[in-house]
Amino acid sequence: MASRDLAESLLPGGGGDSAAAASSDSHDEYEERAYDSDDKVSISISDSDAEADGGGAPSRPPFSWRKLWRFTGPGFLMCIAFLDPGNLEGDLQAGAAAGYQLLWLLLWATVMGALIQLLSARLGVATGKHLAELCREEYPPWATRALWAMTELALVGADIQEVIGSAIAIKILSGGTVPLWGGVVITALDCFIFLFLENYGVRKLEAFFAVLIATMALSFAVMFGETKPSGKELLIGLVVPRLSSKTIKQAVGIVGCIIMPHNVFLHSALVQSRKIDTNKKSRVQEAVYYYNIESILALIVSFFINICVTTVFAKGFYGTEQAGNIGLENAGQYLQEKYGTAFFPILYIWAIGLLASGQSSTITGTYAGQFVMGGFLNLRLKKWLRAMITRSFAIIPTMIVALFFDTEDPTMDVLNEALNVLQSIQIPFALIPLITLVSKEQVMGSFVVGPITKVITWIVTVFLMLINGYLIVSFYITDIRGAVLRSSLCVVLVVYLAFIIYLIVRNTSMYSRLCSSTPKRS
């Protein structure tokens with residue numbers, strides 16, 4: 001009885017007899033949901049909405065700036081994954097090593113990322129459930145648990161880099177007074193900021209992230225203004241595709257950093273923060289329409305910030321001796337030595353932008369972790385407990401890294417590469433279920449994607465898998481030593497590829513025929 005009371009106290013709204021009685025009335029009460037009904041933002045309904053729903057063929061109501069404002073928010077939280085410290089490091093290294101040559105790839109990588117994120121939002125709106133929940137319903141328990149484990153690994157890998165990036169910024173701003181591990185502890189406390197803001201409503205949380213994104217945009221725009229990159233070279237870099245053997249690594253880094261597996265799961269959950277009647281087609285059409293607009297606007301902002309970072313380091317360090325060893329920690333110092341101080345030290349401008357990037361991305365990582373854990377495992381826990389659990393997954397390994405590795409140590413570069421590989425290998429486990437689900441009429445209804453969109457998305461997915469395959473092979477050849485370790489990784493790779501093939505063919509007629517021809521055990 002005591003254990004039951006404890007379990008009820010950890011459930012949202014638990015701890016009372018009335019709550020327990022109410023929850024027993026409906027199975028839905030036991031289903032994990034991204035947002036409780038009371039937490040959702042109300043969308044004003046115009047007269048034209050009522051007319052559209054009243055009779056005849058449902059149609060999307062006319063455009064309204066007021067409604068766009070009500071829907072604005074989830075896309076900007078989503079775009080933070082395009083601006084995390086890992087992306088910033090990829091940008092500065094691409095600029096220093098390749099100059100303006102890879103800007104076209106940054107543009108197209110953002111376009112590919114936009115396609116994936118728009119499909120994720122479409123899935124969440126049309127079904128009223130997020131990707132992790134739908135995976136739990138679509139796949140058998142063993143596959144669901146495997147997908148959850150893979151997604152959690154990707155989250156941990158991303159969070160380590162994000163927390164370390166934030167800790168580096170704190171170290172710079174404190175003049176080296178706060179050590180790296182101290183910065184990790186301070187960053188870990190952002191979990192409480194998240195819980196505090198979430199209690200005041202979704203819009204307050206979105207406003208906080210808007211301030212962080214604006215801080216990044218302002219910081220890197222000021223850097224752009226002080227360093228004055230070439231506008232002509234910038235435009236040529238965006239329009240003319242150029243790629244050499246010397247810049248392959250940076251090119252792979254740009255593409256690999258854009259698609260974050262946990263972000264695909266996150267966006268499908270964030271769009272459910274608005275009250276949308278999924279039983280009325282016009283309301284779903286309207287939500288998809290406005291979410292598409294605000295997501296594209298958010299990604300334009302993120303692209304602008306990434307362009308600023310890349311071109312600043314292209315102007316300052318392309319072709320110099322520092323280009324080969326520049327990273328998050330020494331980047332600000334190099335900028336300070338080259339450009340000095342105009343009205344404010346550029347070192348601290350860089351650190352402020354990096355801190356905003358690290359803090360925003362770690363908090364969204366915590367947010368994504370809650371949805372992933374709750375959706376895959378159907379765990380209904382109170383927000384503070386879920387946040388503490390998901391935060392612990394990343395902070396503990398990050399603290400170990402901070403205590404035993406120096407950011408200027410070459411070993412840290414190997415660790416960063418390993419973390420990039422860890423995230424890269426998880427990409428199929430987000431994209432393949434996404435494409436499978438948005439292509440199923442039983443799941444999407446009339447909002448199922450068309451054949452052209454499906455083909456384009458599969459092309460993008462295969463391209464990303466090939467890019468990340470190159471990254472894995474490169475890491476295997478250069479950084480993995482020892483016959484035993486290499487043999488073990490080969491076995492893991494075979495299992496990995498087998499799981500990917502299973503996810504791809506599971507919904508094909510060939511797989512159905514194979515299952516029907518296999519005799520069942522009595």
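Trainee: Is Asp159 buried or exposed?
Mentor: This is a predicted model, where local features need pLDDT of at least 70, side-chain atom pairs need 80 or more, and totals for chains, interfaces and linings use all residues. Residues count from 1 along each chain as its sequence is written, and side-chain values use heavy atoms, without hydrogens or water. The relative accessible area of Asp159 is 4%. Buried means under 20%, exposed over 50%, partly exposed in between (1.4 Å probe, protein chains only), so Asp159 is buried.

Trainee: Which helix holds Asp159?
Mentor: Helices here are DSSP runs (H or I, at least four residues), numbered from the N terminus. Asp159 contacts Thr362, Arg391, Ala394 and Thr398, leaving aside neighbours within four places in sequence; contact means heavy atoms within 4.5 Å. Its place is in helix α9 (residues 141-173).

Trainee: Which residues of α18 does α6 meet?
Mentor: Helix α6 is residues 85-98 and helix α18 is residues 346-377. On the α6 side are Pro85, Leu88 and Leu92. In α18 they meet Trp350, Leu354, Ser357, Gly358 and Ser361.

Trainee: Which residue follows α12?
Mentor: Helix α12 (residues 202-227) has 26 residues. The residue after α12 has a positive phi, near 55 degrees. That residue is Lys228.

Definitions and conventions:
Helices (H or I, at least four residues) and strands (E, at least two) are DSSP runs, numbered from the N terminus. The expected span of a helix is 1.5 Å times one less than its number of residues. Axes are lines fitted to C-alpha atoms, for helices over the stretch in contact, and angles run from 0 to 180 degrees between N-to-C directions.
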